[in-house]
Protein chains: 2
Amino acid sequence: MRLTRYFLPVLKENPAEAQIVSHRLMLRAGMIKQSSAGIYSWLPMGFKVLKKIETIVHDEQMRAGHIPMLMPTIQSADLWKESGRYDDYGKEMLRISDRHGRDMLYGPTNEELVTDIFRSHVNSYKDLPLTLYHIQWKFRDEVRPRFGVMRGREFLMKDGYNFDLTKEDALHAYNRHLVSYLRSYERMGLQAIPMRADGGPIGGDYTHEFLVLADTGESEVFYDSDVTDLSFGDREIDYDSVEQCQGVLEEFTTKYARTDETHDEALFNEVPQERRRTARGIEVGQIFYFGTKYSEALGAKVQNQDGKPTPVHMGSHGIGVSRLLGAIIEASHDDKGIIWPEGVTPFHCGIVNLKQGDDEADAACNQLYAALTAAGLEPLYDDRKERAGGKFATMDLIGLPWRITVGPRGLKNGVVELTSRRTGESVEMSPEEAVKKVVEIYAPHMTSRGF
Amino acid sequence: MRLTRYFLPVLKENPAEAQIVSHRLMLRAGMIKQSSAGIYSWLPMGFKVLKKIETIVHDEQMRAGHIPMLMPTIQSADLWKESGRYDDYGKEMLRISDRHGRDMLYGPTNEELVTDIFRSHVNSYKDLPLTLYHIQWKFRDEVRPRFGVMRGREFLMKDGYNFDLTKEDALHAYNRHLVSYLRSYERMGLQAIPMRADGGPIGGDYTHEFLVLADTGESEVFYDSDVTDLSFGDREIDYDSVEQCQGVLEEFTTKYARTDETHDEALFNEVPQERRRTARGIEVGQIFYFGTKYSEALGAKVQNQDGKPTPVHMGSHGIGVSRLLGAIIEASHDDKGIIWPEGVTPFHCGIVNLKQGDDEADAACNQLYAALTAAGLEPLYDDRKERAGGKFATMDLIGLPWRITVGPRGLKNGVVELTSRRTGESVEMSPEEAVKKVVEIYAPHMTSRGF
C-alpha cells in the first residue's frame with residue numbers, strides 16, 4: 001500500500017478521552033473512531049489488525065478440529081426464556097422489540113442458540129465429539145464503557161462450544177481448547193498465562209482464564225515466575241491424543257497462577273519466595289467446562305451406546321478478538337507508539353523515502369515495494385512529500401516492526417537501511433539483502449490457511 | 001475434511017416452509033438453520049460458501065484500490081436525525097433504546113456513519129479520491145421475510161462509498177465499481193447483467209442494478225440478448241485509467257437492459273425482434289452516484305485547489321453478499337441438488353469411498369486426500385460406512401463440482417473415477433491423473449490474496 005492512497009488519519013495530539021495507552025495509541029494511529037459510547041468504527045489499519053487476529057484464531061481452531069460456522073447477532077428471546085437466562089441477564093443485555101412486537105435481543109453469548117442447533121440435528125453418540133465455534137459481534141450494554149476496545153459495548157468474540165458424550169471426552173475438548181489458545185496467543189506475539197478462574201455459581205475446577213501481564217490490566221494476578229518461562233513453541237501436537245493434550249494442560253497449569261478471584265494465600269506461600277510474583281493482567285480468553293447445565297435445560301440429548309437418551313456434556317470457550325488489539329498494544333509499545341509483533345502487524349514492512357521526487361530514490365523504493373509484494377508480503381510505502389522526521393514519527397507511531405529507509409546518500413553506496421522498531425537498531429545493506437532479510441523474518445508467520 | 005468429523009446435517013425431506021429452490025436446497029444441504037423469522041444461523045457448509053464469496057468481494061475491491069474498514073452494526077440515531085433519514089426510514093429500521101434510554105438503531109446502511117468518519121478526518125482535496133467500504137451485517141425489519149437468505153432480515157452486505165472532488169472523478173469511481181463488480185460476479189460463476197435502474201427521488205442516470213437471470217427472480221427484466229454474450233474474462237484493467245473503465249461501462253451498458261422500473265417499451269422495440277428478451281432476474285448489487293446529497297446534509301467538505309470549502313461528490317455501491325448464495329443456487333442447480341461454480345464451492349472435490357473399511361480403498365482415499373490437500377485444495381472425503389447410493393445422493397445434493405470415486409474394482413485396474421457434477425460425465429484415470437486434473441481445474445481460482 002502506498003500511503004498517499006491509503007486512509008490513515010493519524011492524530012498529532014493525545015486525545016483527551018483516552019485513559020489508557022492502548023486506547024490513546026489506537027486513536028492516534030488512526031485505527032478506530034468512536035461512533036457512540038463503547039461502539040467503534042474500525043478504520044482501515046485497525047480493521048487490518050482485527051482481520052489478522054481473526055485469521056489466526058480461525059486457523060488454530062480449525063487445526064484443532066473445531067468447526068467454524070456463524071450464528072446471527074439478533075436472537076429471539078424465546079430460547080433465553082427456555083434456559084432461564086432471559087431474566088438473569090439484567091441490563092447488560094440489549095433488548096429489542098421488532099416491528100411485530102416480538103422480544104428479540106443482541107446476543108451477548110450463544111449457549112442457547114448453539115444448543116438449539118445441536119438438539120435439532122444431532123441424535124446419536126456416533127455424531128460426537130463435536131465442537132462448533134464462530135467469530136461474531138456481540139453486544140453487552142455496559143453502564144460505563146471505557147478503555148477503547150478493551151471494554152466496548154459492541155465487540156468481536158470467538159466463542160466455541162463442545163458437545164461430548166462423557167465428562168472425560170468433554171475434558172479432552174477442554175484441553176484441546178487450552179492448547180489451541182496457547183498456540184493462538186503465541187502466534188500473536190503474546191504470552192497469555194492460563195490461570196485458575198472462578199467457576200461462579202456452577203463451581204468446579206474446570207475453568208481457566210488467559211491473562212496477558214500488563215500494568216493496565218483489570219485483574220490482580222499472583223503467580224510463580226516459572227510460568228513465564230513456559231512456551232508452547234513450534235512443537236507438533238496431535239489433537240486427537242488425550243495424553244498429549246492432557247500433558248500440555250498439566251505443564252501449563254500446575255504451577256501457581258491465579259487471579260484475585262481464586263487466589264489462595266496459603267498455597268501461594270508454598271511457592272519459593274524468590275519466584276512469587278504479583279502483577280496485573282488483562283483477560284483475553286476463558287475456557288469452561290460446565291457439564292450438562294444447558295443440555296438439560298434445553299433438552300440436548302443423544303442416544304448413547306445402549307440406546308438411552310443422555311444429555312451431552314458441554315463447555316464454552318471464548319477469545320476476545322477485538323479486545324486483543326488493546327491487549328497486544330498494552331503489552332507492546334513504547335513512548336513513540338505501537339510495536340506490532342510480526343504475527344499481527346497490519347503491514348509487514350514500512351518503506352520510507354527520504355527524498356520523494358528524487359528519481360533514484362523513487363525508483364529504489366518502487367523496486368523494494370515490488371520485490372516485497374512479489375514475495376507475498378505487504379509493505380507500506382510512505383510516498384508523501386513530507387520531511388524525513390514526519391515520516392519516521394508516523395512509522396514509529398503505527399508500529400510496523402521493520403522499516404527500510406531509502407535515501408540518495410545511501411543509494412550512492414548501494415545501500416538502504418533496515419531498522420527494527422523494537423530495538424531501534426539499524427543496519428545498512430543492499431536493497432536485495434534487505435528484502436531477503438525481511439522475507440526470512442516473516443517466513444514463520446506466513447502459515448495461514450484461510451478458507 | 002472427513003465427513004465423519006464434519007457437521008453436515010442434510011435433510012432427507014423437503015422442508016415445507018421453503019417456497020423457492022435455493023431456500024429448499026440450502027436447508028436440505030445443511031447450510032442454514034432459521035433461528036427466527038428472516039434470521040439464520042450459517043451452518044458450517046453455508047458459512048464456508050459465505051466466506052468464499054466474502055473473500056472474492058474483498059479481493060476485487062482491494063484490487064480496484066478501494067479501502068476495507070469496518071463500521072459497527074449498532075449506530076446512534078443522532079446522525080440519522082442530522083441527515084433527515086431517521087423519520088423517513090419507517091418500520092424497516094430496527095430501532096433500539098439502550099440502558100440509558102438513548103435512541104440507537106441496527107444499521108440498514110451506512111451513508112451517515114461513513115460520511116461522519118470522512119468529515120472528521122479529511123479536509124483537503126489532496127486526500128481524494130477515496131473509496132472506503134466494508135462488509136458488515138445489516139438489519140432490515142421486513143414485514144414478511146421469505147425466500148431464505150434472499151430476503152432475510154439480518155443479512156451480510158458489502159457497501160462502499162466514494163468521496164471525490166468533482167462529478168467527473170465520482171463517475172470514474174462509479175465506473176471502477178462497475179468493473180470490479182463484473183469481475184466479482186464472474187469469479188463466482190455468475191453472469192450478472194448491469195441494468196439501468198431507477199434513480200428514485202434523486203433521479204439521474206447514474207445507477208445500475210446487477211441482475212442474475214433466474215426464473216424465481218423478483219424483477220421482470222427486458223434486454224437485448226447480445227448482453228448475455230458479454231463477459232469481462234481475464235483481461236487486464238488499469239483501475240486508474242479513466243478511459244479503460246469508461247470503455248467497460250460503455251461496452252456493458254449501451255445495449256438495452258432494464259428492469260420493469262425503468263423499462264421503456266419504445267426504446268426496447270428498437271432492438272431487433274429476434275434479440276428482444278423478457279425474463280426474471282435477481283438483484284445482487286447496485287451502484288449509485290448521488291452527488292452531494294449527503295455531503296451537504298452532513299457538512300462533508302474539503303478545501304479545493306483554490307482553498308474554498310466544497311462538498312464532496314459521493315456514491316454508494318452495494319453487493320448482497322449473503323443473498324448471493326441464494327442467487328448462485330437459483331442459477332445453478334438441478335433436480336438432485338446444488339451445482340457449485342468452482343469459484344465458490346465449499347470444498348473443491350468430493351472423495352467417495354465405495355467400500356469403507358476395505359484396506360486398499362481406504363488407503364487410496366487417504367492418499368488422494370493427502371495429495372489434494374498438499375496441492376492447497378480442500379477435499380471432502382465421505383468416509384462414512386454408508387452404501388454408495390447414499391454417498392452419491394449426498395454429494396449430488398451438496399453440489400461439489402468434482403468427485404473422485406474410489407472402489408476396489410477400479411483399484412484392481414489402477415483407476416478411480418473423476419465425475420463432473422455439472423455434466424454427470426465420468427472418466428476413469430489413475431489417482432495421480434485425477435489429482436493433476438483437479439489441480440489444473442482449480443488453478444485459475446486460487447488467486448485470492450487475503451488479508
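The structure is a predicted model, in which local features need pLDDT of at least 70 and side-chain atom pairs count only at pLDDT 80 or more, whereas totals for chains, interfaces and linings use all residues. Residues are numbered from 1 along each chain as its sequence is written, chains are lettered from A and ligands numbered from 1 in the order in which they are written, and side-chain values use heavy atoms, with hydrogens and water left out.

Helices (H or I, at least four residues) and strands (E, at least two) are DSSP runs numbered from the N terminus. Helix 7 of chain A comprises 12 residues (242-253) and reaches 16 Å from its first C-alpha to its last, close to the expected 16 Å at 1.5 Å a residue; the expected span is 1.5 Å times one less than the number of residues.

Helix 2 of chain A has 20 residues and reaches 28 Å, close to the 28 Å expected, and 17 of its 20 residues are buried. Gly65(A), with a positive phi near 90°, follows helix 2 of chain A. In chain B, helix 6 (residues 167-187) has 21 residues and reaches 30 Å, close to the 30 Å expected; 17 of its 21 residues are buried. Helix 6 of chain B is followed by Gly189(B), whose phi is positive, near 80°.

A cavity is a set of points, on a 1 Å grid over the protein atoms alone, where a 1.4 Å probe fits but cannot get out; lining residues have an atom within 4 Å of a point. The count comes to 5 cavities of 30 Å³ or more. The largest cavity holds about 280 Å³ of space, where grid points are joined across faces, edges and corners and the volume is that filled by probe spheres set on the points. Of its 20 lining residues, the closest to the centre are Lys51(A), Glu54(A), Trp137(A), Glu54(B) and Trp137(B). Helix 2 (44-63) and strand 7 (130-139) of chain A, together with helix 2 (44-63) and strand 7 (130-139) of chain B, are the elements that give two or more residues to this lining.

Backbone geometry was also examined. The peptide bond from Leu128(A) to Pro129(A) is cis, with omega near -5°, and Pro129(A) is found in the loop between helix 5 (111-121) and strand 7 of chain A. In chain B, the peptide bond from Leu128(B) to Pro129(B) is cis, with omega near -5°. Phe147(A), a residue other than glycine, has a positive phi near 60° and lies in the loop between strand 7 and strand 8 (154-164) of chain A. Phe147(A) is partly exposed, with a relative accessible area of 24%.

Key. 1 Å grid on protein atoms, 1.4 Å probe; cavity = no way out; pocket = protein on both sides within 12 Å on 5 of 7 lines; lining within 4 Å. Buried < 20%, exposed > 50% of the residue type's maximum accessible area, 1.4 Å probe, protein only.
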